[in-house]
Amino acid sequence: MLKVEGLKAKISDHEILKGIDLEIKPGEVHAIMGPNGSGKSTFAKALAGDPSVKVTEGKVFFLGKDLLAMEPDARARAGVFMAFQYPVEVPGVNNASFLRLAFNAKRKQNGQEELDPLEFDDILQEKIKIVEAPQDFLDRSVNQGFSGGEKKRNEILQMAVLEPKLALLDETDSGLDVDALRVVSEGVNRLKNKDNSIILVTHYQRILSYIVPDFVHVLSNGRIIKSGGKDLAIEVERRGYDWLVSAGVRA
Amino acid sequence: MSEKTIRIEDLVNRDYQYGFKTDLEPGMTVRGLDENTIRLISNHKKEPPFMLDYRLKAFRQWQKMKEPHWAHVHYPEIDYQNVIYYSEPKVMEKKLKSLDEVDPELKRTFERLGIPLTEQKRLAGVAVDAIFDSVSVATTFKAKLKESGVIFCSFSEAVQEYPELIEKYLSSVVPVADNFYAALNSAVFTDGSFVYIPKNTRCPMELSSYFRINTENSGQFERTLIICEENSHVSYLEGCTAPKFDTNQLHAAVVELVALDNAEIKYSTVQNWYAGDPVTGKGGIYNFVTKRGKCLGRNSKISWTQVETGSAITWKYPSCLLIGDDSVGEFFSVALTAGRQQADTGTKMIHLGKNTRSTIISKGISAGRSNNNYRGLVQISKNAEDSKNFTQCDSLLIGSLANANTFPYMEIQNPSAQVEHEATTSRISDDQLFYFQQRGISREDAMSSIINGFCKAVFRELPGEFAVEASQLLGLKLEGTVG
């Protein structure tokens, strides 16, 4: 699914990622953990093609294709989805028509016919159940006036509509109360299958008790300093990051 | 950062698709301006004496006036002696008896502009008056409209056929001495459209005028007069384009609307004059226009909707004089500037009658190195008891080099007035564009979607067929492709 080799990247003039190697197979869930400033969000953004992140070295192959050579919208249409940590508000653009625009962009790419608003509504009605969103969710402007929880739910709704092959969840758990976290996590779990993969970027172990990872990677200072199974997350929760970070420096 | 700005620039500098020129043998052409010019025009049009008197009076007035410079726009001095005041293709010299006689080249020109001069085609529900340089080429559906008593014809024809209406209403809304360009227009105007809706009549079709300036260095000075009698209703739309030239063309129009008791006039504009070269700013139309409506009758209503995307310079303030008690004035505007365009546009709502209401919704979009200004006046006079205004001015900036200003003026002389003003300025952010892109939507479609969302409140005021066109026009202007 995804192969990352020696990825280095900077924001402005600060080198944030200092050589990341990672391989993800279909059906796998990988958690990327790490203290603040370790580069975990930057990693997700680099994969999605956020223009504020400049990749300086390394290669990324997504389904065999050179991901870094693709424009962000082409990456998205190829099946890379990022749930944003801070979803942006777009006044005046109706959520349902935004979703349809995105959905149709993908269909067009696949040589399928675009759906009109009525046809698309049938799909939407199914999808909003996944995130337990009220009907008026669709009629409001994209993220405008949404609470933090609603914004995250809207991200997962978009994921449900676009059915990505690789989902990057960038601190989707941050700012969520327990109920919202449950709804969002259950939504993600329902979308998970043996053919798609998830990268879960998070600071806390909390979300990982809902979405169980196959692998956990701890990132510090732009490098993966430890990889393991889901137990690693529990250990991090118990002991914090410091013991790993100092061990990482020694290694 | 600069890299991104350049990319946005690329998006806003699409080619102007109406920039072609029609080659026709020129007929009468008059360059330069003195009393003789005016006599020539009036004589050529075989006008009644009151018209020549009117024009000469206006010209003498104009000579005493100075070009206004209070607007927030900059341009080199205009040489009024180098402007072509009358330009008529030779094929238009003889009077046409029917639409079939319209010169094929002229027909093709309008067809290319999307305005078929036939009564069967696409715009079957819309009557069109097509104006090419200084003359009206054809007016469709005249006979059909006449059945319900509606008069829709070129201004020149109206002067011949309905002189009493012209004499009564010409300059009854915009006095000759109102401003420099209005005086100039009054002296030299050549053609335009005339609409008269009799009592208790709902005009059965959309009426529309299409203005095309073709000849280099020519000015277009058109005059539009719309009179809506008691309990009547009309919806009118104008469109405009011009070829690409390196020199500027002057467009100084005057539009007058009169609404009597319970009458309603809806006036919509989709303006897409050539805007000049986006990089050097060379060429393009100077659009110096005076538009004003008089809500003369009780409970009358005048509604201006404009989508301004073209012109090198726009100087235009469609206004309402709310004279009749309970009358209503509305102004809905989208002004888009890109490249080196400059716009100073807005409205005046003058509340004179009791319980008069006005609404102003202005959406300014500035891209490139353009300069986009809203200028508006809300005046509530001493006798305008219980009057209300609501104003909303929103500016959207694209890129970091564009400029937007808002100049709202309020003069409130009656304590019972309720006046609200809201203003916002926002920027299409790279974060927004990236968000769209991350969902698989191209940068171009993202821009178009955000801009359409921003303009929604205005677009929905346009007559159905044109709302789509306007949104596509903005799309073309900004991106190239719109769904």
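Biologist: Which residues of helix α4 of chain B are called buried, and what makes them so?

Modeller: In this predicted model, the buried residues of α4(B), residues 104-112, are L106(B), T109(B) and F110(B). A residue is buried if 20 or more other C-beta atoms lie within 10 Å of its own, exposed if 12 or fewer, and partly exposed in between, with C-beta atoms placed from the backbone. A helix here is a DSSP run of H or I of at least four residues, and a strand a run of E of at least two, both numbered from the N terminus.

Biologist: What covers the buried residues of α4(B)?

Modeller: The cover includes the strands β2 (84-89), β3 (126-132), β4 (135-139) and β7 (206-212) of chain B.

Biologist: What makes a set of residues a nonpolar core, and how many residues has the largest?

Modeller: A nonpolar core is a set of buried Ala, Val, Leu, Ile, Met, Phe, Trp, Tyr and Cys residues joined through C-beta atoms within 7 Å. The largest has 208 residues, and A130(B) is one of those with the most contacts inside it. α10(B) supplies the largest share of this core, 8 residues.

Biologist: How many residues are in contact between the chains, and what counts as contact?

Modeller: Two residues are in contact if their C-beta atoms, placed from the backbone, lie within 7 Å. On that basis, 18 residues of chain B are in contact with 20 residues of chain A. α9(B) gives the most to the side of chain B that touches chain A, with 7 residues.

Biologist: Why is chain A called as compact as a globular protein of its length?

Modeller: The radius of gyration is taken over C-alpha atoms, and the globule rule is 2.2 Å times the number of residues to the power 0.38. Chain A has a radius of gyration of 18 Å, close to the 18 Å that the rule gives for 251 residues, so chain A is as compact as a globular protein of that length. Of these 251 residues, 46% count as buried.

Biologist: What should I know about numbering and cut-offs?

Modeller: Residues are numbered from 1 along each chain as its sequence is written, while chains are lettered from A and ligands numbered from 1 in the order in which they are written. Local features need pLDDT of at least 70 and side-chain atom pairs count only at pLDDT 80 or more, whereas totals for chains, interfaces and linings use all residues.
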